[in-house]
Amino acid sequence: MLLEVNQLHMRFGGVVALHDVTFDVKWGSITALIGPNGAGKTTAFNCITGFYKAQQGRLRLHPPNRPTVDLVQILGQPFSGSDLLHPGRLWTALGYKMFGGPHLVCRAGIARTFQNVRLFKEMTVLENLLVAQHAALDRHFFSGLFNTATFRDHEATALNRANDLLDFFELSKEANRLAGHLSHGHQRRVEIARAMCTGPILLCLDEPAAGLNPMETQALSGWIRRLQKEMNLTILLIEHDIGLVMELSDHIVVLNHGEVIARGTPAAIQQNSGVVEAYLG
Amino acid sequence: MEPSILAQQAVNGLILGATYGLIAIGYTMVYGIIGMINFAHGEIYMVSAYLTAIFLAVLHFFGITSIPVVLIVVLVATLCITALHGWFVERIAYRPLRDSNRLAPLITAIGLSLILQNYVRLSQGARSQGVPTLLTGSFVIPAGSGVIQITHVQALIIVVAIASMAVLTFIMHRTSLGRACRATEQDRVMASLLGINTDYIISVVFVIGAAMAAIAGVLVSLNYGSFDFHIGFITGIKAFTAAVLGGIGSLPGAMLGGLILGLSESFFSGFVNTDYKDVFAFALLVLVLIFRPSGLLGQPLVTKV
């Protein structure tokens, strides 16, 4: 198990967006999150990737060969009374309060894309990919200023990695164009490539096929498969294209009105009467 | 009109403009990254003027008189301590209010500017202070029937302003830190989701802005020799005007705005009237904003979706 989502709750004012959501993402799998509009899929995504602070519940990432990361704690939580009794816990909480944030979720190994593509439009495609590697670079003020050997080394590595990914997504020709000037299909690919640049273990794709034509969707499905197989990636995706979901995923979680109504293999989900009634129709 | 007087006014204007430009960088960078005006920035400049005097006195006390050594030590030491003030302003007035409405940090920044003013007044006294003249020589260039005189301090101002502008441009466009700054400027949330510690980047921007103001503070103190705890206000407003004139959010814009403002002030006070030079400067701002609301080099505001 790579990601553990346990009894996640989220409410906005009076609206309960997520209620007692529990599911797991297995290491190396492609897991799909489906459900009607407003079911809370994107909210769940936002909690997992650190975009929102989960109000209740547990989110843990269990990366292989590395210690478990508590995805709620690293965003910086309000202090609780019991912290005062445990100086160690108080110290940790204070540390995350001061230096925590969504960037730690990314550094823990979770990368995401957005339903409406969010590239840095005024930077070139290559720069977008380099920005995503910031955490792995020599980013010290003076090493950049004096162009030290370590700095050049890191930059060269980053550039190689970016170029490899551009090759992989067949975007090499667009490398020096401004990201905002690309077509929608290309922008989607750049966004996935950029997410890959952060060196994730878990890649979260929010409706990657939205706005793509059938041919582009087919190609995308191929790329997602290859990411999983060739780069040992675990993928969590939200998608409305049921054909794509059934074709790709190993495991499906169905949400409706902020609650999980079914989990299982694609075949089992297709047979599930509750899901058919609520969503598949 | 006498060409030498014209040229002399142009030189004076360039020097004034270079210092406005250096201070304007702080406004424009902070606006670029968090979309707010740092109203304590003028006070940061004022603090650096006092620090210059303090470090000069300290060096004099230890008997260090070699002028290049004094200049470099004073510049570096003032820069570091002033940068610390910039960091402090962000930490106290802006970060705790990062997610509140836009007016709240504005008020805390004004409050902090009053605090800085009064802390300087209490610790250094309300009277006008001065620094001794360090560099006395000047370059004399014959022009027409007269001469243009550029003191060594003025030459230093031009050289240092150009050099720091070049270094800053290099950092923003050629280093990973600058890339992260630009990314944070465009989409802060996305930048943090890509592993960039945006709080740190915002602090860095405040520190860089303060460092630029410190450079201006050291140079202007060496040039004019006297200052009091009020200078931050009017210079801050002028630099802010320069930033808006050039297009707030744009680095070359800040420098261009500063130069235009400095030149127009200098020409106006030289040939028309000294008392109304500020009126002319602000009238120029009004005119530019009527015809180019986003400033000379600024990009039109695009609504973020």
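1. In this predicted model, Ala111(A) stands opposite Leu203(A), a residue of strand E7(A). The strands concerned, E6(A) and E7(A), the latter covering residues 202-206, pair in the parallel sense over 3 bridges.

2. This pairing belongs to an open sheet of 6 strands in chain A, ordered E6-E7-E8-E3-E9-E10 and with mixed pairing. Strands E6 (110-112) and E10 (259-264) of chain A stand at the edges; each has a single partner strand, so one side of each is left without a neighbour in the sheet. From one strand to the next, the twist averages 20 degrees.

3. Helix H1 of chain A, residues 41-48, lies across E3 (30-34), E6, E7, E8 (234-238) and E9 (251-256) of that chain.

4. As a whole, chain A has 11 helices and 10 strands. Its C-alpha trace spans about 65 × 60 × 35 Å along the principal axes. Buried residues make up 42% of chain A. Of the contacts in chain A with a separation of 6 or more, 67% join residues 24 or more positions apart.

5. In chain B, Val244(B) is found in helix H9, residues 231-246. Val244(B) counts as buried because it has 24 C-beta neighbours inside 10 Å, the cut-off being 20 or more. Leaving aside neighbours within four places in sequence, Val244(B) is in contact with Leu285(B) and Gly295(B). Gly270(B), by contrast, lies 26 residues from Val244(B) along the chain, and their C-alpha atoms are separated by 24 Å.

Definitions and conventions
Residues are numbered from 1 along each chain as its sequence is written. Chains are lettered from A and ligands numbered from 1 in the order in which they are written. This is a predicted model: local features need pLDDT of at least 70, side-chain atom pairs count only at pLDDT 80 or more; totals for chains, interfaces and linings use all residues. Helices (H or I, at least four residues) and strands (E, at least two) are DSSP runs, numbered from the N terminus. A residue is buried if 20 or more other C-beta atoms lie within 10 Å of its own, exposed if 12 or fewer, and partly exposed in between; C-beta atoms are placed from the backbone. Two residues are in contact if their C-beta atoms, placed from the backbone, lie within 7 Å. Two strands pair if DSSP finds at least two bridges between them. Axes are lines fitted to C-alpha atoms, for helices over the stretch in contact, and angles run from 0 to 180 degrees between N-to-C directions.
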